[in-house]
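Walk through this fold from its helices to its core and then out to its surface patches.

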Amino acid sequence: MTMKKLKEASLLFVIQIVLYGLLCVNYRAVALADYHEAAISDFAIATMNFFVIRKIAKSEEAFHQWMGYVLGSVVGSYLGIYTSTLLNG
C-alpha cells in the first residue's frame, strides 16, 4: 500500500470513529428526548457524511478506503457506546 493510500485509509478510519461515536451519542439523545444534544449531533453527523461522500466520490480506487471506512466504523461504535454512557449515565 502506498503512502497516499495509507493516508486516505487512515483519514477515513479516524473520521468513521468520530462519526460512529456521534451516531451512538445521537441514538441515546433521541431515546432520552434530549432535543439539543440530538440536534447538535445530527448537524455534526450530516457535515461529516457530506465530506466522506465527497472524498470517496473523488477517488478512483476504493479498497483501501473501504478498509479504513469499515474498521473505523466498528471502533467508533465501541467508543461511541462507551462515550454515550458517560454523557448520559
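Read along the sequence, the chain runs α-α-α. That gives 3 helices and 0 strands. Helices (H or I, at least four residues) and strands (E, at least two) are DSSP runs, numbered from the N terminus. The model is predicted: local features need pLDDT of at least 70, side-chain atom pairs count only at pLDDT 80 or more, and totals for chains, interfaces and linings use all residues. Residues are numbered from 1 along each chain as its sequence is written, and side-chain values use heavy atoms, with hydrogens and water left out.

The C-alpha trace spans about 45 × 20 × 15 Å along its principal axes. Of the 89 residues, 30% are buried. Buried means under 20% relative accessible area, exposed means over 50%, and partly exposed lies in between (1.4 Å probe, protein chains only).

Now look inside. In soluble globular proteins, nonpolar side chains tend to be buried together. The largest nonpolar core here has 7 residues: Leu12, Ile15, Leu19, Leu23, Ile45, Met48 and Val52. Helices α1 and α2 are the elements that give two or more residues to this core. The largest share, 4 residues, comes from α1. A nonpolar core is a set of buried Ala, Val, Leu, Ile, Met, Phe, Trp, Tyr and Cys residues joined through side-chain atoms within 4.5 Å.

Leucine 11 also sits in α1. It counts as partly exposed because its relative accessibility is 41%. Its C-alpha atom is separated by 13 Å from that of serine 59, 48 residues apart along the chain.

Patches are made of residues with over 30% relative accessible area and no salt bridge; like charges are joined within 9 Å, nonpolar side chains (Val, Leu, Ile, Met, Phe, Trp, Tyr) within 5 Å. A salt bridge is a side-chain nitrogen of Lys or Arg within 4 Å of a carboxyl oxygen of Asp or Glu. Accessible areas come from the Shrake-Rupley method with a 1.4 Å probe.

Lys4, Lys7, Arg54, Lys55 and Lys58 form a positive patch. Both α1 (3-31) and α2 (35-57) supply at least two of its residues. Lysine 58 lies in the loop between α2 and α3 (63-88). At 63% relative accessibility, lysine 58 is therefore exposed.

Which residues make the nonpolar surface patch of about 730 Å²? They are Phe63, Trp66, Met67, Val70, Leu71, Val74 and Tyr78. Valine 70 belongs to α3. Its 31% relative accessibility is why valine 70 counts as partly exposed.

How values were computed:
Lys, Arg positive; Asp, Glu negative; His and termini not counted. Charge placed at Lys NZ, Arg CZ, Asp CG, Glu CD.
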